[in-house]
Amino acid sequence: MKKLTQCVALAAAVGFAGAAQAAFIGTVANTAPAATPTAVPGNNDYANGIGIPAGLFTGPQYYDTTDSVLLSHSIESVSSDPFKLTFTYLGKEAGYTGSFLYEGSEVFNTGSSALGQTFSTIYSAGLGKLDFGFSSVSGLNLMGSVSNQGTGNQALGYNFSIFEVGEDWFILSLDDNNQVDDNHDDMLVMVRASKVPEPGTLALLGLGLAGIAVRMKGRKKA
């Protein structure tokens, strides 16, 4: 198991262990009737390593051709209560320089962001589609962009698919329409929604860490 996958699994198990909750985010179809899950394409280098030359995915793999993804869908909030959103940059296979934006500001960039880099924020806008999107440039030229809040794209073929990892966990997979590489692996970002820690919980965590520090200090003296 890759280190990043181990960290994600550990965060899920330790960070919110025992906290029963309703879902915070889900998917909504942008077409009617609702589109069905689509199989991961066999020419996707992310999936099986076979594809157009120059298509080299950087990062660990999370799904393959045995899985399916959602096209023409968006991620939406299904909770009226505030919750924590965490985005994680997972990897890329892109000829263009891709950006992931949240509320109009760049969060990750395929040219400069480190694998596993995270961004967290408290979401309190209630029900509706989350405000994030992708854009790509070649030099100074905009090659395409797409918003989770919309239903169309500014460049033909520029879109992202959604892979469900678990409740409140999704992977967003960009296809930037660059013909030198393959499909829906040009930029991968994981989005996770979780309960906002209550002040009492944070206080208990602080006391626990303080207790560990005292014990470690005592061992060193011994």
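Tyr102 is buried, with a relative accessible area of 6% (buried means under 20%, exposed over 50% and partly exposed in between, with a 1.4 Å probe and protein chains only). The model is predicted, so local features need pLDDT of at least 70 and side-chain atom pairs count only at pLDDT 80 or more, while totals for chains, interfaces and linings use all residues. Residues are numbered from 1 along each chain as its sequence is written, and side-chain values use heavy atoms, with hydrogens and water left out.

**Aromatic pairs**

- The structure contains 13 aromatic pairs; rings of Phe, Tyr and Trp (its six-membered ring) pair if their centres lie within 6.5 Å, and planes under 30 degrees apart count as stacked, over 60 as edge-to-face and the rest as tilted.
- The pair of Tyr102 and Phe119 is tilted, because the ring centres are 6.0 Å apart and the planes stand at 50 degrees.
- Tyr102 belongs to strand E6 (residues 97-102) and Phe119 to strand E8 (residues 118-123), so this pair ties together parts that are 17 residues apart in sequence; strands (E, at least two residues) and helices (H or I, at least four) are DSSP runs, numbered from the N terminus.
- Phe119 counts as partly exposed, at 28% relative accessibility.
- Phe132 and Phe160 also form a tilted pair, with 6.0 Å centre to centre and 50 degrees between the planes.
- Phe132 is in strand E10 (residues 132-138) and Phe160 in strand E12 (residues 159-166), so the pair ties together parts that are 28 residues apart in sequence.
- Both Phe132 and Phe160 are buried.
- Ring pairs link Phe87, Tyr89, Phe100, Tyr102, Phe108, Phe119, Phe132, Phe134 and Phe160 into a cluster.

**Sheet**

- Four strands form an open sheet in the order E7-E6-E10-E11, with antiparallel pairing; two strands pair if DSSP finds at least two bridges between them.
- Strand E7 (105-109) and strand E11 (141-147) are the edge strands, each pairing on one side only.
- From one strand to the next, the twist averages 25 degrees (axes are lines fitted to C-alpha atoms, and angles run from 0 to 180 degrees between N-to-C directions).
- E6 and E10 run antiparallel and are joined by 6 bridges.
- Ser99 has Ser135 in E10 as its bridge partner.

**Whole chain**

- The secondary structure comes to 3 helices and 14 strands.
- Of the 222 residues in the chain, 37% are buried.
- Among contacts (heavy atoms within 4.5 Å) between residues at least 6 apart in sequence, 67% join residues at least 24 apart.
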